[in-house]
Amino acid sequence: MSLSAATLKQQVGIAAAQRVQSGMVVGLGTGSTTAFAIEELGRRLASGELKDIIGIPTSFQAIGLGKKFGIPIRSLDDVTEIDLAIDGADEVDPHKNLIKGGGAAHTREKVVDALAQQFIVVVDQSKLVDRLGSTFPVPVEVLPMAVAPVTRAIVALGGKPELRLAVKKDGPVITDQGNMVLDVTFSQIDDPKSLEMTLNNIPGVLENGLFVGLADIILVGEAQDDQPIVREIS
Ligand code: 5RP
């Protein structure tokens, strides 16, 4: 019997939430793995094991889950620092560089994750890759009026951009900030840092999903002898 991805995500989400201490300001990431961490934070608060934490959300999803599980939610106007951020990823390379944005939340995620004293990434083993871009395109958030010129600029860089379409709505995905997302496939990403900067330098691009040099710790949910284990890469 093999363990489901959901089981591995749950284990790793719980493991990350266990690292939060009373009084901390915690960045609340977005996605199905982080959702388990937020739920565990709520459980620890309700049991009295954890006190006085504040959650800084990275999306409407994180706001909703934080409220649902009883975590006091504040904005970046209310805090001067973030102690620890917990967030998922779509790909993780051997240098702890990431592709994020599967949930189109990478712009706010990068703001919050980059401000954290410690940024913990929570993934199941399927997210580990030798090279970024091998299983997942790079999401690029774009101002709606600039989609056509940004598309041309990305093609000129050698990328294949595709406008992300919504699932339960006709037309494009609209981000929490009211923008659109181009999912860009590159045949090979040799220098993620330089590509991250080059993409962000195109007028009309808000942010892209390459997170280079930001992650401190990767917690990986893995199956070992049919049991879930959490491996730390630091
Ligand atoms: C959202 C993200 C997510 O963290 C990423 O897509 C991973 O999601 P999941 O934990 O559901 O696999 O970057 O923008």
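Which element gives the most to the lining of the largest pocket? It is α2, with three residues. The model is predicted, and local features need pLDDT of at least 70, side-chain atom pairs count only at pLDDT 80 or more, and totals for chains, interfaces and linings use all residues. Residues are numbered from 1 along each chain as its sequence is written, and side-chain values use heavy atoms, with hydrogens and water left out.

The largest pocket holds about 210 Å³ of space. A pocket is an open set of points on a 1 Å grid over the protein atoms alone, where a 1.4 Å probe fits, with protein on both sides within 12 Å along at least five of seven lines; lining residues have an atom within 4 Å of a point. The volume is the space filled by probe spheres set on the points. Of the 18 lining residues, Thr30, Gly31, Ser32, Asp90 and Gly103 are the closest to the centre. Two or more lining residues come from each of α2 (32–47) and α4 (106–115); helices (H or I, at least four residues) and strands (E, at least two) are DSSP runs. By class, the lining has three nonpolar, ten polar and five charged residues, with Gly counted as polar.

An open sheet has three strands in the order β4-β5-β11, with antiparallel pairing; strands pair if DSSP finds at least two bridges between them. β4 (91–92) and β11 (210–211) stand at the edges with a single partner strand each, so one side of each has no neighbour in the sheet. Two bridges join β5 (residues 98–99) to β11, and Leu98 has Phe211 as its bridge partner there.
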